[in-house]
Amino acid sequence: MTGAWLNIVIAVGIIGAIWAIYAVVKRIRTDRRKIALLLDALENGDTSIKFPVSNDRDVNVMLNRISEVLKRIRIETGEKERYYELILDRVGAGVLSVYDNGVVFQVNKAALSLLGLDVLTHMRQLERVCADLMHRIETAGNNDRLSVEVVTEGRKRTLSVNVSTITLQQHRLKIIVLDDISDSLDRKEVDSWIKLTRVMTHEIMNSLGPITSLSETLAERAGDGPEELREGLSTIAVTGKSLVSFVSSYRRLVYMPKVELVLFSVRPFFERMICLAMQHGASSDVTMTIKECDEELIAYADENMMGQVFANLLKNAVEAVCDMPDGRVELSAYCDESDRVVMTVSDNGPHIADDVADEIFVPFFTTKSTGTGVGLSISRRMVQLNGGSLTLSPYTGDAAMTTFVVTLP
């Protein structure tokens with residue numbers, strides 16, 4: 001009997017052990033399936049998965065904690081990405097990152113604005129803007145610096161392009177930084193001309209003053225002397241005065257008044273400019289209109305300086321169309337995506353030749369027989385002193401009008 005009970009006890013023990021091992025194996029398999037399910041969910045970006053909890057020591061508790069930690073990390077990562085994207089969109093320079101296959105990984109608003117595009121998903125789209133820019137970016141290496149001229153939004157720009165490379169998640173990326181350096185180049189060019197003009201006018205005025213004064217004095221003392229002598233001295237004096245007046249016009253490039261920034265409404269300003277132009281020689285055959293300008297649009301600049309700029313632009317526009325039976329001059333103003341005020345003066349006169357267009361803002365350059373060649377140079381200088389730019393918009397077709405663009409911050 002004792003031996004029989006012992007056998008029964010041993011058998012029960014073996015069965016219990018087998019059952020315990022089976023339970024452990026089953027639990028391990030169940031836990032493995034749960035872990036596999038959690039990993040599959042995380043790989044698919046699902047962090048909302050939850051497992052039922054029966055007690056605090058249940059493996060489900062640990063799996064749920066892992067899921068919560070990863071969910072929190074994902075939320076924090078998403079917030080950081082939005083934070084960096086916001087900063088990137090507020091940067092003045094254009095920034096885009098591109099994979100080796102040409103697919104655009106990221107692009108900010110400044111880059112789209114500089115390139116004149118609403119969306120950029122592949123580098124092939126740059127071909128519409130400038131094929132040379134696309135090719136040079138594609139062939140650029142790490143830390144290369146390029147300078148490329150493009151025409152976007154009706155404006156000729158010189159873009160500085162900095163290229164660097166980085167490996168991100170086993171993918172090679174090109175980080176491209178674009179910056180419009182047109183205004184900087186224009187300012188450097190104008191500063192160079194101003195320095196030259198300052199030296200020239202100073203030397204010329206120093207020489208002309210004594211010559212004019214001496215010739216006038218000698219002409220008076222000549223009295224009843226030979227008529228030839230008196231006429232010669234008189235001619236020298238008159239020519240000297242004319243040269244003094246001529247040189248004085250160039251001195252306006254050097255000595256600009258102090259900028260006094262004020263807020264002013266653009267539409268009433270345009271109306272005053274048109275009235276002024278009509279009173280100073282605009283033919284009745286010339287039609288002057290405000291094509292586009294919101295009543296609420298306000299500019300922040302020196303209104304007197306802007307008055308001189310637009311008086312000169314309107315004068316040039318009227319002169320371009322005065323001999324035409326249907327001469328038209330149009331003014332427009334609007335606020336662009338960067339909150340800049342853009343004001344334009346357009347006329348349907350003869351197109352400005354390309355070789356002339358590249359020189360019109362250069363001091364002393366003129367195509368007029370009576371011009372001094374400083375009007376547009378002074379106008380551009382005044383706009384630059386107000387933190388803006390003055391450019392000639394490129395033609396986009398045979399029927400395009402000649403358009404000068406003033407852009408103010």
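A crossing of helices is left-handed if the near helix is turned anticlockwise from the far one by less than a right angle, and right-handed if clockwise. This is a predicted model: local features need pLDDT of at least 70, side-chain atom pairs count only at pLDDT 80 or more, and totals for chains, interfaces and linings use all residues. Residues are numbered from 1 along each chain as its sequence is written, and side-chain values use heavy atoms, with hydrogens and water left out.

**View 1. Helices H7 and H8 cross right-handed.** Helices (H or I, at least four residues) and strands (E, at least two) are DSSP runs, numbered from the N terminus. The axes of H7 and H8 come within 10 Å and cross at roughly 45°. That makes H7 oblique to H8. Axes are lines fitted to C-alpha atoms, for helices over the stretch in contact, and angles run from 0 to 180 degrees between N-to-C directions. Angles under 35 degrees count as roughly parallel, over 145 as roughly antiparallel, 65 to 115 as roughly perpendicular and the rest as oblique.

**View 2. Five strands form an open, mixed sheet.** Their order is S7-S9-S10-S12-S11. Strands S7 (287-292) and S11 (389-392) are the edges, each pairing on one side only. Two strands pair if DSSP finds at least two bridges between them.

**View 3. S11 meets strand S12 (residues 402-408).** The two run antiparallel, joined by four bridges. Leu392 stands opposite Phe404 in S12.

**View 4. Helix H8 (residues 303-321) packs on the sheet.** H8 touches S7, S9, S10, S11 and S12. Contact means heavy atoms within 4.5 Å. The direction of H8 makes about 25° with that of S10.
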